[in-house]
Number of protein chains: 2
Amino acid sequence: LKKGDILYQSEFISVDPYMRIYTKDMTPPYKMIGQQVAKVVESKDPDFPVGTRILAHVGWAEKGIINDKKKARVQKAPTDLGGMSPSHLLGACGMPGNTAYFGLLDICSAKKGEVVLVNGAAGAVGSIVGQIAKIKGCKVIGYAGTEDKVKWLKEELKFDYVFNYKTTKIEDTLDEAAPGGVDCFFDNVGGHDANVVISRMKHRGRIAICGAISSYNVKDLVWSAPALQPLLLGKELRIEGFIVSRFQDRWMEGINQLVEWVKEGKLVIRDTVVDGFEKVPEAFMSLLQGGNTGKMVVKV
Amino acid sequence: LKKGDILYQSEFISVDPYMRIYTKDMTPPYKMIGQQVAKVVESKDPDFPVGTRILAHVGWAEKGIINDKKKARVQKAPTDLGGMSPSHLLGACGMPGNTAYFGLLDICSAKKGEVVLVNGAAGAVGSIVGQIAKIKGCKVIGYAGTEDKVKWLKEELKFDYVFNYKTTKIEDTLDEAAPGGVDCFFDNVGGHDANVVISRMKHRGRIAICGAISSYNVKDLVWSAPALQPLLLGKELRIEGFIVSRFQDRWMEGINQLVEWVKEGKLVIRDTVVDGFEKVPEAFMSLLQGGNTGKMVVKV
């Protein structure tokens, strides 16, 4: 180590759907991107003594030396987690949590009494979206891909309606759960079903495009759909794509609120922890197939 | 006439593309909707003496009795038009003008130095959109369907780039006029070319869906296009459909500003006046084929 260096050892490595977008057109070999929770195990930087827990963006790596802390976006992790696993700093109380928080409250402007629909509802973002919507007094409709997830969302997260999108027809579920239409659609998935939801929005409904996971593994995507423009016009709908980094200036507002809700027991958090650094690729592939409930992380 | 009634005689009747949407699925015979400038020719309402010029929404009618002024949305026309034809109260200084004003400044949030693209650029709304964008210091790209319109937009309205969409390829025009992308797209037309523009937006670009005239005469529209969602996500774009009536509370802010700009010579206004009440249907059909430059009205 040179002066100012730290040697980190990863504790939890994050795998996230967005990684697929960034790496889709890259030719291997390349180093995978991403965030981790890590501990400083050797240090030549007095501000980061051995034992300091950090958050960093150095990709899929078990350990390594960081010299440029700005480039690696190194932050000290909060020391008082009140018993919460530090893995949640990558999930409900980290980037996915903030994505849910700002996406629902700012991009969708969800308000008390409104109908909020979220797909990928058992995922790291979706499971928080639905719960924040409940905290705010909305009616929540969720979609997930296994019966276990559906059960979890209904019974533990108290969503009002939950459907298994693999065994139901989207039109039927909307007839049942949202006969009057949808105010806010938090779209993590895209594809056919998403377009049907857009056709069932209420006047001046808001649609946040947070992800389009149904398209990430499609090569040369030409995913044809009835054009949305006439529909947007008549109902004065607003659709907005967003990436949570635009809320960087308000980052801690989101995190602090999420942590507060966890402490108050208003937010149920859960992650799917895969054990062993060598399992990172497997975990990532599983994530894209819906193998997770809540945030998926790899314990190193 | 009963107490409170007025008998109006229309001076100018408005024909607008939106009428096609509302009447598309109606079975004749029905009375066409719309606004006119009219004069009170007989009156049993002391607030509206004979000779009063009014704006009303009583559809395609030469003359008639109004009893419910609220239902007919009757307003007194401004008395000092400074030499401007009252027909412009249906155009640049009326609903289409406000559509341009609020659509560009509120829905698109156009800012100085940005690239603004408008189609249907020689129409009642488009011709004002481009000029307000110039007033605000934007670079303006317009599309119209005849050489005369292109010339007018370039030479008199001072648009930076104008293309005849019938004789050019949208991709080529964008390569030339907006190689770095488009910040604000004011879409009056929809269809294939609009989707290409959306694929050429800058990061966090804004798209106002004001009209979709290319679709109004298509029956059972299934206008298929590559799905927009993945594109919206990556560039964090915002698309919003809007109808100008949502700005009702700020209506006079728009009108007063438009009138001010006309007086200052900053806004060139023009309408296409068709003569004779019996020509209203013909004028309307011509409008949908691009037969107008600026607002189309019928002089009764």
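Cys108(A) counts as buried, with a relative accessibility of 0%. Keep in mind that you're looking at a predicted model. Below is a quick tour of its cysteines, its sheet strands and its cavities.

**Cysteines**

- How many disulfides does a search of the whole structure find? The count over all chains is zero.
- Take Cys108(A) again: the closest cysteine sulfur to its own sits in Cys184(A), 4.8 Å away, and that is too far for a bond.
- Is Cys138(B) buried or exposed? Cys138(B) counts as buried, with 4% relative accessibility.

**The twelve-strand sheet**

- Here's a general point to start with: strands of a sheet pair through backbone hydrogen bonds, and they can do so either parallel or antiparallel.
- One open sheet has twelve strands with mixed pairing, and you can trace it in the order β8(A)-β7(A)-β6(A)-β9(A)-β10(A)-β12(A)-β12(B)-β10(B)-β9(B)-β6(B)-β7(B)-β8(B).
- Which strands stand at the edges? They are β8 (161–164) of chain A and β8 (161–164) of chain B; each has a single partner strand, so one side of each is left without a neighbour in the sheet.
- On average, neighbouring strands of this sheet are turned by 10 degrees against each other, if you ignore direction.
- Zoom in on chain B and you'll find strand β10 (residues 201–209) running parallel to strand β12 (residues 238–241), with four bridges joining the two. Ala208(B), for instance, has Glu240(B) in β12(B) as its bridge partner.

**Strands β1 to β3 of chain A**

- Strand β1 (residues 6–14) of chain A runs antiparallel to strand β2 (residues 36–43) of chain A, and seven bridges join them. If you look for Gln9(A), you'll see that it stands opposite Lys39(A) in β2(A).
- β2(A) is also joined by four bridges to strand β3 (residues 53–56) of chain A, and this pair runs antiparallel. Here the bridge partner of Gln36(A) is Ala56(A) in β3(A).

**Cavities**

- Rolling a probe the size of a water molecule over the atoms shows where empty space is left.
- What lines the largest cavity? Its lining includes His88(A), Ser127(A), Trp152(A), Arg270(A) and Lys295(A).
- Sorted by class, that lining has six nonpolar, four polar and two charged residues.

Terms used:
Residues are numbered from 1 along each chain as its sequence is written. Chains are lettered from A and ligands numbered from 1 in the order in which they are written. This is a predicted model: local features need pLDDT of at least 70, side-chain atom pairs count only at pLDDT 80 or more; totals for chains, interfaces and linings use all residues. Side-chain values use heavy atoms; hydrogens and water are left out. On a 1 Å grid over the protein atoms alone, a cavity is a set of points where a 1.4 Å probe fits but cannot get out, and a pocket is an open set with protein on both sides within 12 Å along at least five of seven lines; lining residues have an atom within 4 Å of a point. Ala, Val, Leu, Ile, Met, Phe, Trp, Tyr, Cys and Pro count as nonpolar, Asp, Glu, Lys and Arg as charged, and the others, Gly among them, as polar. A disulfide is a pair of cysteine sulfur atoms within 2.5 Å. Buried means under 20% relative accessible area, exposed over 50%, partly exposed in between (1.4 Å probe, protein chains only). Two strands pair if DSSP finds at least two bridges between them. Axes are lines fitted to C-alpha atoms, for helices over the stretch in contact, and angles run from 0 to 180 degrees between N-to-C directions.
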